[in-house]
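Come along while I look up a few things, one entry at a time.

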Amino acid sequence: MTSRARSRLDQVSRHVDSKSFLAVNTPFSTERSARIVDDQGNVIKQKSQPQPQEKGPKKIEPEVPEPPRKKMSNQPPHATLLIPGPIEFDDAVLQSMSHYSESHVSAPFVNTFSEVLQNLRKLFQTTDAASQPFILSGSGTLGWDQVAANLVEPGDEVLVLHTGYFADSFADCFETYGVKATQIKAPIGDRPQLDEVEKALKEKEYKMLTVTHVDTSTGVLSELKALSDLVYRVSPDTLLVVDGVCSVGCEEIRFDDWKLDVVITASQKAIGCPAGLSIVMASGRAMERFKARKTRPTSYFGSWKNWLPIMQNYEAKKPSYFATPAPQLIHALDTSLKQILSRPLEQRFADHKAASQKIKKAVGDLGLKQLAAKPENQANGMTAIYLPDGFTPPDVLPNLLKKGVIFAGGLHKEIATKYIRFGHMGVSVTDPERSDITKAIESLKESLTEAGYKA
């Protein structure tokens, strides 16, 4: 091989050398070393430049310790997701999703599922052994189906309290199962008043009353304890069912103390686990109602006749099977629940309330209004914000995205083009290392200004 050819080959080889001579380019260092070669590909060693000698005694500089580096997420860079669910996830929760494949009836997995069911009792604050948790693969919507298919029968009457889009959907779900749903609707941003509810309960016998704890379309928070007291006083045989999809994990829920019969939720909101799990807590009274049915449950996959023995066996650490669960999601939920329960729940709720108040003050300072105008109606895990007159979500949301922040557009069909939604739940609120909330507030201010708004 000629010298010229060998030189050419050497130059090509350098480009495919697995041991690059370039230093890794990290966020903390952009310096790179380089080498110089002659026409034959030989490395030319550079002569080091003599350093000037200082006259007099050598000064000894004190060593300055490096400041501790801020904890960084291991997730790829991405815009911060601040919608009312799914939310940002903790690294450890996502890492749990990468658990190796295992049998859903193996002892290790059954033991994990048992822990998850027991920790759900703690999250819902129930110590009643007759209460029954359910975890099914599906979205929060599957909770509606479970309620409609297992706790009421075709022809039964239910009363649905309406604070937004999701009450309409729950009512539609009941109708699908042949159950008659009557709604009490409040003006947008408000909730049905207790005297209206009392009047309705006295006029007709309802098997069930449903309430959306936080309606994701409006950010309206419903008061549960006073409602429960009313139902037990006026219509004690009526089951009280709570749609807690956007509240469990960020709003206080005392399942036993408030005598709630059912709370449904999902994994991807304030619980802080990826989407895919429908979670239900049912009281002993609700389970007795289920067992006293005169007809079969009107769903197969969602039938508690099929799932009740599975859940009871899993909690008792006994392998059982009806349909295959989602092991990786169960592991993620296990991690998330352990993180939540590592601190007092009261502190978690206080953190969400403090973040919510900070956001709502910032919204007011910008001269903007919330859909939920009354403080007692305002959720702690999200804020629905009216845009200035003449503005629509496309005027603001793209600017937010450019700044690395994602909000949601409007969902209520009557006013969808007039507002946006800011979700503030989970690690974005509880992790002191994250600046998600502060960044989002500043980004909202800047995005409105860029769109032409003057506060």
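**Entry 1: a phenylalanine and its contacts**

Which residues does Phe174 touch, not counting residues up to four places away in sequence? Before I looked, I noted that this is a predicted model. I found Val147, Ala148, Val152, Val158 and Val160 on the list of residues that Phe174 touches. Val179, Ala181, Met208 and Thr210 are on that list too.

**Entry 2: the cores**

Next I looked up the largest nonpolar core, which has 81 residues. Phe134 and Phe174 are the members that touch the most others there. I also checked where the residues of this core come from: helix α3 (residues 107–124) gives the largest share, eight residues. A general reminder to myself: in soluble globular proteins, nonpolar side chains tend to be buried together.

**Entry 3: α6 beside α7**

How do helix α6 (residues 194–203) and helix α7 (residues 224–234) pack? I read an angle of about 25 degrees, and their axes are 10 Å apart. An angle under 35 degrees counts as roughly parallel, so that is what I call α6 and α7. The crossing in which α6 passes α7 is right-handed.

Then I listed who meets whom. From α6 come Leu194, Val197, Glu198, Leu201 and Lys202. On the α7 side, they meet Ala226, Leu227, Leu230, Val231, Arg233 and Val234. Sorted by class, this contact of α6 with α7 has eight nonpolar residues, three charged ones and no polar ones.

**Entry 4: α11 beside α14**

I turned to helix α11 (residues 345–365) and helix α14 (residues 436–450), whose axes come within 11 Å and cross at roughly 10 degrees. That makes α11 and α14 roughly parallel. Lys358, Ile359 and Ala362 of α11 make the contact with Ile437, Thr438 and Ile441 of α14. By class, I noted four nonpolar residues, one polar and one charged in this contact of α11 with α14.

**Entry 5: a threonine in a loop**

Is Thr163 buried or exposed? I first found its place, in the loop between β5 (157–162) and α5 (165–176). The relative accessible area of Thr163 is 4%, and under 20% counts as buried, so Thr163 is buried.

Definitions and conventions
Residues are numbered from 1 along each chain as its sequence is written. This is a predicted model: local features need pLDDT of at least 70, side-chain atom pairs count only at pLDDT 80 or more; totals for chains, interfaces and linings use all residues. Side-chain values use heavy atoms; hydrogens and water are left out. Axes are lines fitted to C-alpha atoms, for helices over the stretch in contact, and angles run from 0 to 180 degrees between N-to-C directions. Helices (H or I, at least four residues) and strands (E, at least two) are DSSP runs, numbered from the N terminus. Angles under 35 degrees count as roughly parallel, over 145 as roughly antiparallel, 65 to 115 as roughly perpendicular and the rest as oblique. A crossing is left-handed if the near helix is turned anticlockwise from the far one by less than a right angle, and right-handed if clockwise. Contact means heavy atoms within 4.5 Å. Ala, Val, Leu, Ile, Met, Phe, Trp, Tyr, Cys and Pro count as nonpolar, Asp, Glu, Lys and Arg as charged, and the others, Gly among them, as polar. A nonpolar core is a set of buried Ala, Val, Leu, Ile, Met, Phe, Trp, Tyr and Cys residues joined through side-chain atoms within 4.5 Å. Buried means under 20% relative accessible area, exposed over 50%, partly exposed in between (1.4 Å probe, protein chains only).
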